Amino acid sequence: MEMRSAEFKERAVFAIHDASLQQALGKARGGFVGKRAQQAAELPEFEQLREEAKNLKNEILANLDHYLERYEAAVTAAGGHVHWARDASEAREIILGICKRVEAKSVTKGKSMVSEEIGLNEALIENGMEVVETDLGEYIIQLAHEPPSHIIAPAVHKTKDQVSDLFLAAHGGPRKTEVADLVNEARQVLRDKYFRADVGITGGNYLVAETGSSVIVTNEGNGDLTQTLARVHIVTAGIERVVPTLDDVSLFLRLLARSATGQETETYTTYSTGPRRADDLDGPQEYHVVLVDNGRSKMLAGRFRDMLRCIRCGACMNHCPVYGSIGGHAYGWVYPGPMGSVLTPLIKGMDNTYDLPNACTLNGRCASVCPVKIPLPDLLRELRHLQHRQEISPPMQRRALSLWRFVATRPRLYHAGEWVATRMLKLLSSDGRIRRLMLASGWTDARDLPAPPGRTFLQQWQDQRGKP
Amino acid sequence: MTTARDAILRSVRIGLKRGALDDNQRAVLDARVPRHTRPAFDEDLVERFIRKFESRAGTVVRVSRRDEVPAAVEAYRASLDLPERAAIGAALKDLAWPQAWSVNHGAATVDETMAVTAAVAGVAETGSLMLCGGPDSPTTHNFVPDDHVVVLDASRIVTHYEDAWTVLRARAQGLPRATNFVSGPSRTADVEQTIQLGAHGPRRVHIVLIGG
């Protein structure tokens with residue numbers, strides 16, 4: 001999918017004024033946060049598990065080459081095929097190649113963020129294949145010709161009313177207005193697609209080095225129907241998804257559902273190991289895994305290795321006040337919110353992604369809920385440093401920051417400046433508020449600025465210390 | 001010519017600032033045993049399993065002996081007024097199913113209405129069923145029909161996920177092509193976060209629990 005992160009500011013303004021979007025986001029906000037908090041509170045070991053999951057991910061990443069080779073050998077031993085893709089275009093070519101070889105006409109898909117990342121649907125459709133997203137949320141946005149706005153709830157930006165309209169246009173009338181009827185309609189339409197599919201494509205939450213199994217975690221069962229009923233099953237996954245053993249997966253499972261949807265477990269966790277065996281009565285005849293690098297191996301070298309721990313739960317965006325105000329589309333690419341603001345510049349490049357690391361208040365809620373303790377605010381700040389060093393940030397801002405540094409590292413100068421500024425601001429205020437301020441109209445156009453009390457922090461501090 | 005595989009592995013090693021691991025280092029990694037924390041609870045395993053499974057909209061009926069299973073499944077079928085037909089894995093072929101039923105031991109087709117599956121284990125931690133695909137238990141039975149009845153022996157209820165893998169490793173057949181952990185009926189919250197059962201998989205999952 002085409003990246004539109006350069007238009008972040010325009011899209012954010014648009015989002016804030018989109019009444020339907022604000023209605024949908026309002027409904028989502030409380031649910032995810034409250035349910036996760038409840039699950040975390042009900043499991044006394046939750047914090048311990050976060051620490052252990054962080055450490056295990058670090059161990060895996062430090063030995064990633066080994067586990068990838070072990071995984072590949074195990075998949076091959078189970079009769080499957082592993083393909084390696086350096087970037088998005090290689091991944092698309094591999095999957096297209098398989099689809100063409102088996103003369104695929106119809107492709108069903110379980111939810112896969114990597115397939116979004118590599119722009120797979122467009123490539124398959126251009127080559128004359130019918131592509132059907134089977135996750136209900138993905139199906140809704142496919143009908144709307146929109147990208148996902150959330151990594152686990154792709155249609156979270158849609159209201160029920162909008163879904164009713166989309167289904168009416170796609171399936172014909174009468175127009176359904178109850179959630180139960182909408183879900184049922186999609187169920188009936190997709191049932192036939194699963195059985196007719198030549199190729200089923202899913203993601204992979206975990207790739208187990210011990211057994212060569214790919215693991216998917218779903219609530220709907222669509223991923224299972226996709227991978228069981230198609231003639232050929234293709235798994236797309238990032239290289240960082242490998243996990244040493246079946247037992248190790250359990251550690252992550254205990255964190256994933258609780259962090260993502262606030263459930264103790266999702267309904268279905270499925271381990272797929274190779275294609276249909278000689279005496280099996282169902283299952284795909286071919287089983288392929290496409291391991292996608294697309295910038296990940298380069299992230300191992302420095303600070304951003306932490307980001308490769310991500311298990312794609314979406315808790316960071318559920319808890320992000322910026323995401324909660326503008327939704328996922330404003331971010332302009334596949335991964336929104338805090339994790340997306342780190343990943344997008346690293347995968348797609350620093351150009352045209354300038355706003356993403358800056359669209360953050362550094363409030364730290366994302367890091368406080370991340371199940372693998374990714375220090376997202378630190379990584380976002382690190383990206384800002386990089387932008388400064390690579391001279392990507394606006395020249396005016398860089399000069400201002402340089403000036404700030406000059407002043408802030410000279411205490412006498414700093415205190416003098418502060419003394420002047422607090423008095424100036426006090427003079428500009430009335431009733432303790434500043435209603436208009438030059439150079440800060442972006443703030444004062446919409447709200448008042450609280451006026452400082454006319455004395456600097458240091459002066460007040462010294463006064464306080466003088467008291468008993 | 002450099003293959004993508006070699007290029008990626010090389011790039012990983014450059015990122016890790018080292019060369020390929022030697023055999024000794026690999027042996028150490030291969031011998032590693034997972035030692036992560038497992039959630040502690042002292043509730044009775046069978047009671048917890050039932051409580052957790054029911055909390056996710058699953059239903060449970062208890063029988064004392066295996067030969068009582070067909071009558072329990074027939075009672076379930078009749079209560080929902082389902083057609084007299086079922087997809088039943090060969091693992092349960094030996095039971096005396098009602099004569100009137102049309103029984104399919106093969107894969108489930110799109111018009112299948114009810115399936116009956118033997119579970120390999122139950123996990124008390126979350127109330128999850130472990131189902132293993134294979135010639136005597138087709139995976140389509142777990143996902144295609146609207147109604148899924150699962151037969152579980154109470155002695156197969158274990159504490160944690162890890163214990164279920166121990167049960168599976170002890171089987172002569174080894175790891176199947178598909179291992180499904182199922183925790184209740186299919187559900188979705190993709191329309192305005194409203195939970196709706198029966199998205200794509202079974203609308204209802206009913207356990208016939210033997211013994212315990």
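Colleague: How many bridges join strand β7 (residues 147-153) of chain B to strand β12 (residues 204-210) of chain B?

Modeller: This is a predicted model, in which local features need pLDDT of at least 70, side-chain atom pairs count only at pLDDT 80 or more, and totals for chains, interfaces and linings use all residues. Residues are numbered from 1 along each chain as its sequence is written, chains are lettered from A and ligands numbered from 1 in the order written, and side-chain values use heavy atoms, leaving out hydrogens and water. Helices (H or I, at least four residues) and strands (E, at least two) are DSSP runs numbered from the N terminus, and two strands pair if DSSP finds at least two bridges between them. β7(B) and β12(B) run parallel, and the bridges joining them number seven.

Colleague: Which residue stands opposite B:Val149?

Modeller: The partner lies in β12(B), the strand that runs parallel to β7(B). Opposite B:Val149 stands B:His206.

Colleague: In what order do the six strands of the open sheet in chain B run?

Modeller: The pairing in this sheet is parallel. The edge strands, each pairing on one side only, are β1 (59-63) and β3 (102-104) of chain B. From one strand to the next the twist averages 25°. The order in chain B is β1-β12-β7-β4-β2-β3.

Colleague: What angle does the direction of helix α4 (residues 69-79) of chain B make with that of β12(B)?

Modeller: Axes are lines fitted to C-alpha atoms, for helices over the stretch in contact, and angles run from 0 to 180 degrees between N-to-C directions. α3(B) packs on the sheet, touching β1, β7 and β12 of chain B, and its direction makes about 145° with that of β1(B). Helix α4(B) also packs on the sheet, touching β1, β4 (114-118), β7 and β12 of chain B. Its direction and that of β12(B) make an angle of about 155°.

Colleague: Which are the edge strands of chain A?

Modeller: Six strands of chain A form an open sheet with parallel pairing, in the order β1-β10-β7-β4-β2-β3. An edge strand pairs on one side only, and the two here are β1 (81-85) and β3 (130-133) of chain A.

Colleague: How much area is buried between chain B and chain A?

Modeller: Contact means heavy atoms within 4.5 Å, and 78 residues of chain B are in contact with 96 residues of chain A. Buried area is the accessible area (1.4 Å probe) that two parts lose on being put together, summed over both. Carbon and sulfur atoms give 52% of the total, which is about 7,300 Å².

Colleague: How many salt bridges are there between chain B and chain A?

Modeller: A salt bridge is a side-chain nitrogen of Lys or Arg within 4 Å of a carboxyl oxygen of Asp or Glu. B:Arg32 and A:Asp248 form one, with their closest N and O atoms 2.8 Å apart. Over all chains the count comes to 56. Between chain B and chain A it is 16.

Colleague: Which strand of chain A do five bridges join to β9(B)?

Modeller: The two strands run antiparallel. A:Tyr271 stands opposite B:Thr179 in β9(B). The strand of chain A is β9 (residues 268-272).

Colleague: How many residues apart are A:Glu117 and A:Arg296?

Modeller: A:Glu117 and A:Arg296 form a salt bridge, with their closest N and O atoms 2.9 Å apart. The pair links distant parts of the chain, with A:Glu117 in helix α6 (residues 113-117) and A:Arg296 in helix α13 (residues 296-299) of chain A. Their separation in residues is 179.
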